[in-house]
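Dear colleague,

Please find below the structure that I am handing over to you.

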Number of protein chains: 2
Amino acid sequence: MSFSISCEDGRARAGKLRTAHGEVETPCFLPVATKASVKTLASEEVLELGYEAIICNALVLYLKPGVEVIAEQGGLHSFMNFHRTIFTDSGGFQALRREFCPEFTGRGIAFRSPFDRSRHLFTPELCMEVQQALGSDVALTLDDCPPYGEARERYAESVARTTRWARQFKEAHSCDEQLLFAIAQGGTFADLRRESAAQLAELDFDGYGIGGLSIGEPHSVMLEMLEVSISVLPPEKPRYLMGLGSPVEVLEAIGRGVDVFDSAFPTRNARHSAVYTRHGKYSIAKAKHLKSEKPLEEGCTCYTCRNYTRAYVSHLMRAGEALGMRLVTLHNLHFMQRLMRNARRAIRSGEFTEFVKDFMRRFRKGAGE
Amino acid sequence: MSFSISCEDGRARAGKLRTAHGEVETPCFLPVATKASVKTLASEEVLELGYEAIICNALVLYLKPGVEVIAEQGGLHSFMNFHRTIFTDSGGFQALRREFCPEFTGRGIAFRSPFDRSRHLFTPELCMEVQQALGSDVALTLDDCPPYGEARERYAESVARTTRWARQFKEAHSCDEQLLFAIAQGGTFADLRRESAAQLAELDFDGYGIGGLSIGEPHSVMLEMLEVSISVLPPEKPRYLMGLGSPVEVLEAIGRGVDVFDSAFPTRNARHSAVYTRHGKYSIAKAKHLKSEKPLEEGCTCYTCRNYTRAYVSHLMRAGEALGMRLVTLHNLHFMQRLMRNARRAIRSGEFTEFVKDFMRRFRKGAGE
């Protein structure tokens, strides 16, 4: 299990992450399977789309169906019949949302389950235990990710707590097969970003998440903070920008040295009728598409585009038929996979800058249709 | 295009219906694709399950997305990418439900669209025109199907109107490629059932639906009325018992000479967690299944049973994940397809009675699990 960089083009890099369940070419995008299902898709479909890795949520699965249920079935891979790389997010981000009524205790995050209002205390040790029992290939540390717009002290506190928890998390770890990624915080303060990344770098994790970005701050600030975090993180380790998945932002971040992405964006958008194409996004639910014999995206080779017209998909979305959501999800995930493959190819051939310029021009100009 | 009976075993018969889009072995079960989608499934999946025919609803598609949308795409087969036999139900049954605020006019049924409250007049001629534009292989006549429990005069009126409409429907028909089935009514009055079937038989349709059953009347009355209708219908024509799809009732009706069935039952049940097995039905949403490594049905070869455990499907249903509904739908439709295949085989080998006895014993005794 290791990470190797085979090519660099400017700050962009192409490489391979090896886990207990195979190789993942980077830069890569992880479809989100929060509850052990990439919404609307079977695991076979995710594999057929060419995805080598997905991400589930440890906290959500701990609450429902419960970690013992999944452990009894031999872990997440068997449970969801996905035998490639599985990341598990710690759930720190979720636990701190308002619907969890979170409180910090000396030991972790106390919260109420939004499913049944039961009380829980999520500690770094429990978070580690849960992810080991789930048997994921890459575990993420429990972090303290405050919302955007708090006072500076809150982010300073978050950095200290995140480092302390990361250390405890690592000490609780006892499984050679599982890679550990820490999550760097620091809000929108460059010095705190540097401090967080430096402290975590010292703890020598297998990789580093960059958290607390794209949660409300201006785009330019996001890019600046991303650069600050990356400048301090060890260059030989994989960098994972968490929760960010618009095509434009993904390319911008690859250009700054990010290797791994995840986001519910392409799949959630799909369920709300937004179709990605190289010419931008459009809503397939608009009535005018009922007259179109074209595929969702001309020239696309995905299952949906090979088999169905815009007219049919538009009808399904307008009629509330579940198949519509699946067909658009399949297309959008195919789009993201193609984007990442093209990005890797461009890095390897030293043409990443041109590739991005070309993509941006078409994607930003286009009406999508 | 024709219907041929190759084997009879008692009153049960095995045969073939030939339509413009291929052969359909009978007795057969039609999955319901009211809005041009068998809920949760892609057309390829319906084909992979072995189904040679499905049924859509002309009235519902006339309202949404509109028949011109589907006609512009080359008809229903191209629209939904299903290039086997498609039946279209007239929608008479739907138009008379309360949410349509129906009224009989001299010419047809006036109603309001439940989608946008727009006013429509569905006549036999329009109903025919719609089904021709949809390009279905088998069109059903517009019928007057009163609810259960009305006064006798209402059913007498329904018989007269249904025959009158069937005649007009047939006269409006101008497409050689499309088979026409009339729908026999008569409520729970044997003489009216006989009258309706005899009048329609005289009009020489390609096949006959038997409507207005399984809508609230006692089971024994349903079977009696079914027998009465069948006794008057021409034996060489296919008989289609409309809207009836519980495994037990399907077998009882095959034993009385029915060739075609349709029902939203197996698919709707699936979306409500009910799993069919040869040992009865059970709810996969029960918490105890979270611990089970078994497939939904032991020995089943469907996609779901080959790839996933009860634990996983139970989790998906309890977590409200769309994939769960699809996985159970795939299983239940596989179950129905296997049931029909076994029934045909039993008829051909002269063992239908034993087959039914055997099936009933296991299915009725079992807890399903």
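**Contact between the chains**

In this predicted model, chain B contributes 32 residues to the contact and chain A contributes 32 residues. On the side of chain B that touches chain A, the elements that supply two or more residues are α3 (67–72), α4 (76–80), α13 (310–318) and α14 (322–348) of chain B. Of these, α13(B) gives the most, with five residues. Sorted by class, this side of chain B holds 16 nonpolar, seven polar and nine charged residues.

**Relation of the two copies**

Chain B is superposed on chain A by a rotation of 180° with 0.0 Å of shift along its axis, at an RMSD of 0.0 Å. The two copies are therefore related as by a two-fold rotation axis. Both copies use the same surface, since 100% of the contact residues of chain B recur in chain A. Which residue of chain B comes closest to the rotation axis? That residue is B:A322, whose C-alpha lies at 3.8 Å from the axis.

**A covered strand in chain A**

Strand β6 of chain A, residues 85–89, is mostly covered, and five of its five residues are buried. A:T85, A:F87 and A:D89 point one way from β6(A), whereas A:I86 and A:T88 point the other way; all are buried.

Strand β6(A) also pairs with other strands of chain A. Strand β5(A), residues 53–57, runs parallel to β6(A) and is joined to it by five bridges. Within this pairing, A:C56 has A:T88 of β6(A) as its bridge partner. Strand β10(A), residues 138–140, likewise pairs with β6(A) in the parallel sense, over two bridges. Here A:F87 stands opposite A:V138 of β10(A).

**Two packed helices in chain B**

Two packed helices are described by the angle between their axes and the distance between the axes. In chain B, helix α7 (residues 152–171) and helix α8 (residues 190–202) pack at an angle of about 5°, with their axes 10 Å apart. Angles under 35 degrees count as roughly parallel, so α7(B) is roughly parallel to α8(B).

From α7(B), the contact is made by B:Y155, B:A156, B:V159, B:T162, B:T163 and B:A166. From α8(B), it is made by B:L192, B:E195, B:S196, B:Q199 and B:L200. By class, the residues of this contact comprise six nonpolar, four polar and one charged.

With kind regards

Definitions and conventions:
Residues numbered from 1 in each chain as written. Chains lettered and ligands numbered in written order. Predicted model: local features only at pLDDT ≥ 70, side-chain atom pairs only at ≥ 80, totals over all residues. Contact = placed C-beta atoms within 7 Å. Helix = DSSP H or I, 4+ residues; strand = E, 2+ residues; numbered from the N terminus. Nonpolar A, V, L, I, M, F, W, Y, C, P; charged D, E, K, R; others polar. Buried ≥ 20, exposed ≤ 12 C-beta atoms within 10 Å, placed from the backbone. Pairing = 2+ DSSP bridges. Axes fitted to C-alpha atoms, helices over the stretch in contact; angles between N-to-C directions. Parallel < 35°, antiparallel > 145°, perpendicular 65-115°, else oblique. Least-squares fit on C-alpha atoms with pLDDT ≥ 70 in both.
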